[in-house]
Amino acid sequence: MSTLIQAIRGMNDILPEETPRWQQLEATLRDWLMAYGYQEIRTPIIEQASLFSRAIGEVTDIVEKEMYAFTDALNGEQLALRPEGTAACVRAVVQHNLLYQSARRLWYTGPMFRHERPQKGRYRQFHQVGIESLGYAEPEMDAEHIVMSADLWQRLGLSGIALELNTLGDSEARARHRIKLIAHLEAHVDQLDEEAHRRLHSNPLRILDSKNPALQSIIEAAPKLYNELDDRALQHFDTVQRILKAHHIDFRVNPRLVRGLDYYNYTVFEWVSDQLGAQGTICAGGRYDTLIEQIGGKPAPACGFAIGIERLLSLLESGGHPVANAGIDVYIVHQGSEAETYAWRVAQRFRQAGLSVIQHCGANNFKSQMKKADASGARFACIIGDQEAAIQQITLKALRTTAAQILCQPEQAVTLITSKGL
Ligand code: ATP
Ligand code: MG
């Protein structure tokens with residue numbers, strides 16, 4: 001016997017029992033994005049690998065360790081499965097000159113790929129929904145994103161999600177801070193772990209994000225980026241905070257929030273739940289004013305965020321949020337060749353009337369067909385024998401109530417089923 005081929009580790013099948021929850025969330029997300037005037041953009045799942053190393057940064061977890069990069073065996077091109085959505089979105093905006101006439105509010109959703117150690121809330125194929133506002137420099141847009149995400153938690157009936165906020169200033173402030181930070185870390189070089197050693201000169205800001213307990217006192221004592229911020233950065237951050245306060249959105253300024261992608265400047269934020277263990281961040285984003293130029297476009301400011309859909313679903317599930325089940329309206333039971341021909345016609349008539357219909361397939365007797373009708377969850381069985389077919393009528397039987405079955409025309413059945421009276 002050949003061995004069974006299984007799905008790739010960390011890449012999940014979403015089974016029929018789970019898809020209603022996904023669909024319900026996706027519908028809520030679409031309504032929410034529409035309510036704020038965002039337009040959907042869809043980009044390919046595979047891109048040139050260099051897009052991500054250029055956008056996200058060479059010395060980041062994603063590009064160094066997590067990216068599914070490969071050589072196209074047919075033409076030798078260096079490609080990658082997208083690890084996130086922003087780089088591709090910006091690439092498409094630049095390629096199609098979408099900022100030519102006006103700024104844009106965009107959204108995307110779909111699978112992302114990162115070669116991480118699979119665990120609850122961390123997968124190798126996972127899904128994100130994200131938004132990007134391109135061509136907006138004002139702090140009001142940073143605030144719009146945060147207000148919008150807070151609104152989503154409310155629409156979903158979620159609570160206990162905390163907002164962490166920070167500002168990374170502009171590149172000059174980061175350059176000044178970087179020099180001081182490296183000097184501080186070099187003074188403690190013998191206490192640094194291997195990763196910190198490696199990042200000391202390539203990406204020292206990321207060392208501040210280290211979870212290694214041995215590094216915490218060095219990190220605490222490190223020079224603060226905040227002290228390097230100029231007036232413009234401080235004012236930008238103040239405006240964001242003022243708008244959040246006006247909306248009664250609580251937040252904590254966390255100077256250690258630096259984010260794992262290089263493209264951020266000014267505002268960065270994360271929404272964190274305490275109900276998901278170590279994988280508690282459900283939404284993260286910020287401003288990236290230099291990325292568009294970095295990808296080859298005309299300089300334009302922008303900001304955005306992404307939500308991890310699996311983590312959001314897991315929060316909804318643990319909160320016992322009900323899933324609305326659309327369900328099957330009618331299961332058509334038939335026996336005899338005249339009956340079968342008529343059953344096909346009735347099924348289509350029902351479907352044209354907007355009903356969800358399963359027509360029995362196979363040569364089972366009435367009794368076992370009725371069992372299948374019951375197991376399908378359908379609200380009604382429509383029973384057609386040759387007798388019914390001869391007079392072009394059907395027997396309608398309610399499966400979830402004790403209402404008596406009736407012999408009627410298909411049109412009458414539609415009225416009865418849609419009136420929900422039975
Ligand atoms: P983490 O710190 O958890 O690794 P991240 O900073 O790498 O997250 P982002 O790149 O900001 O994550 O992605 C935005 C969101 O996408 C995260 O907040 C999270 O909800 C989700 N996400 C990221 N990586 C994964 C993954 N491997 N599996 C499931 N969800 C993920
Ligand atoms: Mg990560």
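# Exercises on a predicted model

Helix α9 has these buried residues: Ala 233, His 236, Phe 237, Thr 239, Val 240, Gln 241, Ile 243 and Leu 244. Here buried means under 20% relative accessible area, exposed means over 50%, and partly exposed lies in between (1.4 Å probe, protein chains only). Helices (H or I, at least four residues) and strands (E, at least two) are DSSP runs, numbered from the N terminus.

This is a predicted model, in which local features need pLDDT of at least 70 and side-chain atom pairs count only at pLDDT 80 or more, while totals for chains, interfaces and linings use all residues. Residues are numbered from 1 along each chain as its sequence is written, and side-chain values use heavy atoms, with hydrogens and water left out.

## Exercise 1

Find what the buried residues of α9 pack against, and check the span of α9.

Step 1. Start with the partners: the buried residues of α9 pack against α5 (139-155), β7 (161-167), β8, β9 (265-273) and β10 (281-287). Contact means heavy atoms within 4.5 Å.

Step 2. Now the span. The expected value is 1.5 Å times one less than the number of residues. α9 has 16 residues and reaches 22 Å from its first C-alpha to its last, close to the 22 Å expected.

## Exercise 2

Locate His 248 and Gln 392, and decide whether each is buried, partly exposed or exposed.

Step 1. Recall the background: most residues other than glycine have a negative phi.

Step 2. Take His 248, in the loop between α9 (231-246) and β8 (252-253). His 248 has a positive phi of about 55° although it is not a glycine. Its relative accessibility is 73%, so His 248 counts as exposed.

Step 3. Move on to Gln 392, found in the loop between α14 (386-390) and β15 (394-398). Gln 392 also has a positive phi, about 55°, without being a glycine. With a relative accessible area of 36%, Gln 392 is partly exposed.

## Exercise 3

Work out the strand order of the open sheet of three strands, and say which strands stand at its edges.

Step 1. The order is β2-β4-β3, with antiparallel pairing. Two strands pair if DSSP finds at least two bridges between them.

Step 2. β2 (46-48) and β3 (69-71) each have a single partner strand, so they stand at the edges, with one side of each left without a neighbour in the sheet.

Step 3. Look at one pair: β3 and β4 (residues 78-81) are joined over three bridges in the antiparallel sense. There you can see Phe 70 opposite Leu 79 in β4.

## Exercise 4

Describe how helices α12 and α15 pack together.

Step 1. Helix α12 (residues 337-352) and helix α15 (residues 410-419) pack at an angle of about 40°, with their axes 10 Å apart. Axes are lines fitted to C-alpha atoms, for helices over the stretch in contact, and angles run from 0 to 180 degrees between N-to-C directions.

Step 2. Angles under 35 degrees count as roughly parallel, over 145 as roughly antiparallel, 65 to 115 as roughly perpendicular and the rest as oblique. The angle therefore makes α12 oblique to α15.

Step 3. Finish with the residues in contact: Tyr 342, Val 346, Arg 349 and Phe 350 of α12 meet Pro 410, Glu 411, Ala 413 and Val 414 of α15.

How values were computed. Chains lettered and ligands numbered in written order.
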